[in-house]
Amino acid sequence: MPDYLFVYGTLRASCVPAELQGLVGSFVPLGPATTAGVLYDLGPYPGAVFGGDGQIAGEVFELPDDRRVLAALDDYEGFLPHDPQGSLYIRVRRTVALSDGRQLECWAYAYQDDVTGRQRILCGDWLRR
């Protein structure tokens, strides 16, 4: 069974940093999607707090069948699987709704630092902030 990834910030197709273009270029795009949560503007990147009644807009990709892909993404996102409490983001499973109505279980990166005083992105879409 393939793994899927929901992205809402710098890993979206139009924002991928140069150092990850080769990796992300190996992903199969499945299209726009949304999931429940709140998105915060953290300056050069956003942070998602999943759950609640807000909606976060993003994109879904099917990942290659290679565990090194998740390790590279974890490294980029600052997720330390051996020390989740010391991580800025944590990789979690989320149910997302694709624009065609399908629902998929995807990996996503949840922001786990304090959001007090952070600006909420009311539209839920980092590209439209």
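**Close-up views of a predicted model**

**View 1. Phe 6 in strand β1.** Phe 6 belongs to strand β1, which covers residues 4-7. The model is a predicted one. Phe 6 has a relative accessible area of 1% and is buried. Leu 30 lies 24 residues from Phe 6 in sequence, and the two C-alpha atoms are 9.9 Å apart in space.

**View 2. The buried face of helix α2.** Five residues to look for here are Val 69, Leu 70, Leu 73, Asp 74 and Glu 77, each of them buried in α2. Viewed down the helix axis, the buried residues of α2 fall within an arc of 135°, so they line one face of the helix. An α-helix has 3.6 residues a turn, so residues three or four places apart point the same way. What do the buried residues of α2 pack against? Their partners are strand β1, helix α1 (21-24), strand β4 (89-98) and strand β5 (103-111).

**View 3. The other face of helix α2.** Arg 68 and Asp 75 are exposed, and they sit on the face of α2 turned away from its buried side.

**View 4. The two ends of helix α2.** At the start of α2, a side-chain oxygen of Asp 66 comes to within 2.9 Å of the backbone nitrogen of Arg 68. Just after α2 comes Gly 78, which has a positive phi of about 75°.

View 5. Glu 77 is part of helix α2, which spans residues 67-77. Apart from neighbours within four places in sequence, Glu 77 is in contact with Leu 11, Tyr 89 and Tyr 109.

View 6. Cys 123 is in no disulfide either, and its nearest cysteine sulfur, that of Cys 15, is 13 Å away. Cys 106 is buried, at 0% relative accessibility, whereas Cys 123 is partly exposed, with a relative accessible area of 37%.

Conventions:
Residues are numbered from 1 along each chain as its sequence is written. This is a predicted model: local features need pLDDT of at least 70, side-chain atom pairs count only at pLDDT 80 or more; totals for chains, interfaces and linings use all residues. Side-chain values use heavy atoms; hydrogens and water are left out. Buried means under 20% relative accessible area, exposed over 50%, partly exposed in between (1.4 Å probe, protein chains only). A disulfide is a pair of cysteine sulfur atoms within 2.5 Å. Helices (H or I, at least four residues) and strands (E, at least two) are DSSP runs, numbered from the N terminus. Contact means heavy atoms within 4.5 Å. The arc is that of the directions from the helix axis to the C-beta atoms. A polar contact is a pair of N or O atoms within 3.5 Å; within protein, one must be able to donate a hydrogen and the other to accept it, and residues adjacent in sequence count only if both atoms are side-chain atoms.
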